[in-house]
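The following exercises are to be worked through with the sequence and the structure at hand. Each task is followed by a solution in steps.

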Amino acid sequence: MKNIFIIGSTGQIGSELTMELRRIYGNDHVVAGYIKGAEPKGELAESGPSAMADVTDGEALAAVVKEYHIDTIYNLAALLSVVAESKPHLAWRIGIDGLWNVLEVARENHCAVFTPSSIGSFGLSTPHVRTPQDTIQRPRTIYGVSKVTTELLSDYYFYKYGVDTRSVRFPGIISYMTPPGGGTTDYAVDIFYSAVRGEKFVCPLKKGTLLDMMYMPDALKAAITLMEANPDRLVHHNGFNVASMSFAPETIYAEILKHKPDFEMEYDVDPLKQSIADSWPDRMNDTCARREWGWAPNYDIRSMTTDMLDKLEKRLAGIKL
């Protein structure tokens, strides 16, 4: 039975990943790591062990790993794209200095490590249509630079020290549990909140801006399936493209209109978000992930929209899911 440590358990994907891993491996086998001021609450706090773990404190990470006999680390500590641009030094300190600490702890304690990358690891010179697994990566944001470094440093620890490092390049993630938090793709979450609340949605990206997106259940599936994959099948280890759906603002708006015919949307383009979105792929080619570890999403835009609206309406109404 695995013993798993989630660093960043209260973040964008962390709480849902922690609960899913507890469902699979048992509550006592998954430790929710958190930083001061972001302690686990509710079911996350009550269902299993938790430990304070600042990714920039290697000694604290090592203490948790040893106390709970951890063999697998999910390192989710990072600033989101727009937030990172306003705090570049902190973004690097958490994303890269923190990753170094995680990898050193993993090397010394024989742990496997999952550290997600992102579509943000690509840049304007990257092919935007069916973006290849192996291609040019020249991002111009600190978020993107840190994600490329994440992939390379993780590969380095695999080839140099034999640390079992793995990662996927996540698209924008859509969840009814996690509200928007400062990402370029967060409009695709925010639009559902506006629709359910009966509010007009103001879209920060212009019409026609295509971006890869993924529903949270598929994001969890990608992370867990990769970490469970047979290592003998893996040609790549870090930075797997994973795709599910690709859409522009007007496309998701039209899909929501099928359920909410009175819903309204207007555009007020945010220059920073738009410039970041323009540098990211329209749609990634995820053939390598499908071939090497059997990746396949369960949701498309239609099934995701139906489920998202239903679950979000119940959640905002206080109905336990």
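## Exercise 1. A mixed sheet

In this predicted model, three strands form an open sheet in the order 10-12-14, with mixed pairing.

**Task.** Determine which strands stand at the edges of this sheet, and why one side of each is left without a neighbour.

**Solution.** 

Step 1. Read the ends of the strand order: strand 10 (172-174) and strand 14 (245-247) stand at the edges.

Step 2. Each of these two has a single partner strand, so one of its sides has no neighbour in the sheet.

Step 3. Consider the angle between neighbouring strands of this sheet, which are turned by 40° against each other on average, direction ignored.

Step 4. Examine one pair in detail. Strand 10 pairs with strand 12 (residues 211-215) in the parallel sense, over three bridges. Ile173 stands opposite Met214 in strand 12.

## Exercise 2. The surroundings of strand 2

**Task.** Decide whether the residues of strand 2 (residues 30-34) are buried or exposed, and find the strands with which strand 2 pairs.

**Solution.** 

Step 1. Apply the cut-off: a residue is buried if its relative accessible area is under 20%. Five of the five residues of strand 2 are buried, so the strand is largely enclosed by the rest of the structure.

Step 2. Take the two faces in turn. Val30, Ala32 and Tyr34 lie on one side, Val31 and Gly33 on the other, and both faces are covered.

Step 3. Strand 1 (residues 4-7) pairs with strand 2 in the parallel sense over four bridges, and Ile6 stands opposite Ala32. From strand 1 the chain passes through helix 1 (residues 14-25) to strand 2, in a right-handed β-α-β crossover.

Step 4. Strand 2 also runs parallel to strand 3 (residues 50-52), with three bridges between them. Here Ser50 in strand 3 is the bridge partner of Ala32.

## Exercise 3. Enclosed cavities

**Task.** How many cavities of 30 Å³ or more does a search of the whole structure find, and which residues line them?

**Solution.** 

Step 1. The search finds two cavities of 30 Å³ or more.

Step 2. The largest cavity has a volume of about 120 Å³. Its lining has 15 residues, with Ala77, Ala78, Gly95, Lys147 and Thr150 nearest its centre. Helix 6 (142-161) gives the most to this lining, with four residues. By class, the lining has nine nonpolar, five polar and one charged residues.

Step 3. The second largest cavity has a volume of about 40 Å³. Among the residues lining it are Gln12, Ile173 and Met216.

## Exercise 4. Open pockets

**Task.** Which helix gives the most to the lining of the largest pocket, and which to that of the second largest pocket?

**Solution.** 

Step 1. The largest pocket holds about 1000 Å³ of space. Of its 34 lining residues, Ser15, Glu16, Met19, Glu43 and Met177 lie nearest its centre. Helix 1 gives the most to this lining, with six residues.

Step 2. The second largest pocket holds about 900 Å³ of space. Its lining has 44 residues, and those closest to its centre are Gln12, Leu76, Ala78, Leu79 and Leu80. Helix 5 gives the most here, with three residues.

Terms used: Residues are numbered from 1 along each chain as its sequence is written. This is a predicted model: local features need pLDDT of at least 70, side-chain atom pairs count only at pLDDT 80 or more; totals for chains, interfaces and linings use all residues. Side-chain values use heavy atoms; hydrogens and water are left out. Two strands pair if DSSP finds at least two bridges between them. Axes are lines fitted to C-alpha atoms, for helices over the stretch in contact, and angles run from 0 to 180 degrees between N-to-C directions. On a 1 Å grid over the protein atoms alone, a cavity is a set of points where a 1.4 Å probe fits but cannot get out, and a pocket is an open set with protein on both sides within 12 Å along at least five of seven lines; lining residues have an atom within 4 Å of a point. Grid points are joined across faces, edges and corners, and a volume is the space filled by probe spheres set on the points. Ala, Val, Leu, Ile, Met, Phe, Trp, Tyr, Cys and Pro count as nonpolar, Asp, Glu, Lys and Arg as charged, and the others, Gly among them, as polar. Buried means under 20% relative accessible area, exposed over 50%, partly exposed in between (1.4 Å probe, protein chains only). A crossover is right-handed if, with the strands pointing away from the viewer, the path from the first strand over the helix to the second runs clockwise.
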